[in-house]
Amino acid sequence: GPLYAHEIGEEDHCHPNEEGMGKLGRQLKEFFDDGKPNDSALIEELKKVEFNPAEQSEEQPEDATYNRHWNRVFAKAFEPVDCSEPRDPATLPQGYYKGPMIDTHIHLVSLPDAEPGYPEEWYGHDNLGTWRSMAEWVCVFDVEGTKQAFGFFPVWEPIIPESIKAVKRTLEKYPNRFIPFIMPPDDDGAKDGFPTVDAETLAEMLGIEAGLFKGYGEIGLYAREDGASALPPDAQRLTKIYPVIRNNKLIIYFHLGNDQGNTLQKVAKANPDITFIFHGDQLIDCAECDGTPKEVAEILENNPNVYYGIDELYGNTFLMNDDHTKEEFIRHFSDYDKLLKIDLINWKEFIEEYPDQVIWGTDRGVASRWDLDADVALTLNNYTRAFIGKLDPLVQEKFAYKNAEKLAGDLS
């Protein structure tokens with residue numbers, strides 16, 4: 001007879017539990033004891049067969065669950081999205097920079113890392129392949145006229161192979177749109193975690209698809225609130241990683257912590273064949289800082305293999321997070337003259353003094369639920385083009401894309 005609900009396992013609602021297995025065994029015994037398979041020779045042959053679960057089906061139940069889950073996730077991760085018509089930069093007012101742009105600071109969200117087998121709505125709303133699609137990022141680039149981006153792709157346990165597969169598929173579907181960086185934290189939200197995995201783990205990750213990644217980062221070396229401690233650039237974990245970076249011909253993107261400028265210089269000098277990019281205001285806006293990029297300039301001056309990424313534009317205020325709304329963000333740009341006055345004072349001289357070592361980025365992609373909105377993208381990009389248009393004409397293209405293009409070319 002059939003197995004009833006109380007005889008089925010609660011974990012997968014598919015296989016018999018102990019009571020169900022007992023019932024099934026009794027039914028089989030009754031069946032064979034009745035002599036229904038009357039071919040005694042056949043029975044003897046069946047007794048000799050060694051039971052191998054893997055041979056009973058080409059796809060085991062756990063494999064089927066895994067495959068259904070990841071097929072669904074990857075279908076969603078690359079499904080098309082409705083996208084606004086691109087804005088042609090040539091239509092912008094006189095004085096704006098109207099050329100190509102490469103965004104050197106784009107974050108991608110992770111795949112869902114919870115166990116497969118649950119309904120789609122159970123997984124996080126901000127994961128790639130549950131509620132987000134790579135097409136959202138590409139759409140924003142198309143709308144605003146950004147031709148390429150340095151993309152920080154998260155890779156961590158227990159979804160390392162799947163995460164790397166997502167990166168590979170992204171590059172296949174959207175060729176020449178992303179320069180892929182591997183971003184592998186080691187449980188950095190925990191007190192005993194780290195901003196990055198160790199050298200051995202990183203090497204294993206990179207070996208899954210050799211040559212896929214072109215960079216390592218963004219690695220935040222600052223202390224996490226209630227999480228990992230700060231990790232200075234000369235920490236043992238990182239000094240063991242630098243040979244892995246060298247062997248895989250990667251560039252590094254750091255977000256420095258407080259008082260880490262000197263240690264960055266130390267490792268940059270010790271590794272002159274490795275290119276370092278860093279960003280963040282920890283060397284500008286701190287208790288001991290004077291509010292200018294003076295210390296950043298010193299690092300660039302002394303280390304030709306170091307670059308600085310500027311994403312602190314629009315009045316030295318970062319609004320692209322969920323503490324603010326899309327509407328607040330757009331209103332912030334209602335007075336260009338006010339914002340440009342601040343940004344030109346803070347950055348124009350610095351950019352023009354180090355025109356070959358400064359790159360533009362936005363630090364967006366995961367900071368808020370609305371930072372990939374087309375209106376937000378155009379608001380920010382239009383302002384950035386107005387700012388670039390105020391720089392020395394000999395510097396504009398370098399800051400907008402040529403320095404980044406050189407780095408990308410060096411990687412390839």
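Helix H13 carries a kink of about 45°, centred on Leu 344, where the bend at a residue is the angle between axes fitted to the seven residues ending there and the seven starting there. The model is predicted, so that local features need pLDDT of at least 70 and side-chain atom pairs count only at pLDDT 80 or more, while totals for chains, interfaces and linings use all residues. Residues are numbered from 1 along each chain as its sequence is written, and side-chain values use heavy atoms, with hydrogens and water left out.

The 18 residues of H13 (residues 336–353) should span 26 Å at 1.5 Å a residue, and the end C-alpha atoms are 24 Å apart, which agrees; the expected span is 1.5 Å times one less than the number of residues. Among the residues of H13, Leu 339, Leu 340, Asp 343, Trp 347, Phe 350 and Ile 351 are buried, a term that means under 20% relative accessible area, with exposed set at over 50% and partly exposed in between (1.4 Å probe, protein chains only).

The protein chain as a whole comes to 15 helices and 8 strands, which are DSSP runs numbered from the N terminus (helices H or I, at least four residues; strands E, at least two). Of its 412 residues, 47% count as buried.

Helices H9 (residues 261–270) and H10 (residues 294–302) pack at an angle of about 10°, their axes lying 10 Å apart; these axes are lines fitted to C-alpha atoms over the stretch in contact, and angles run from 0 to 180 degrees between N-to-C directions. H9 and H10 are therefore roughly parallel to each other, the class for angles under 35 degrees. Gly 261, Asn 262, Leu 264, Gln 265 and Lys 269 of H9 make the contact with Glu 295, Glu 298, Ile 299 and Asn 302 of H10, contact meaning heavy atoms within 4.5 Å.

In the loop between strand S5 (251–255) and H9 is Asp 259, which has a positive phi of about 60° although it is not a glycine. Asp 259 is exposed, with a relative accessible area of 63%. Asn 316, in helix H11 (residues 313–316), likewise has a positive phi, near 60°, and counts as partly exposed at 47% relative accessibility.

Two cis peptide bonds can be located as well: one joins Glu 157 and Pro 158, with omega about 0°, and Pro 158 is found in the loop between strand S2 (148–154) and helix H6 (160–173). The other runs from Gly 217 to Glu 218, with omega near 0°, and Glu 218 lies in strand S4 (residues 215–220).

Technical notes
Parallel < 35°, antiparallel > 145°, perpendicular 65-115°, else oblique.
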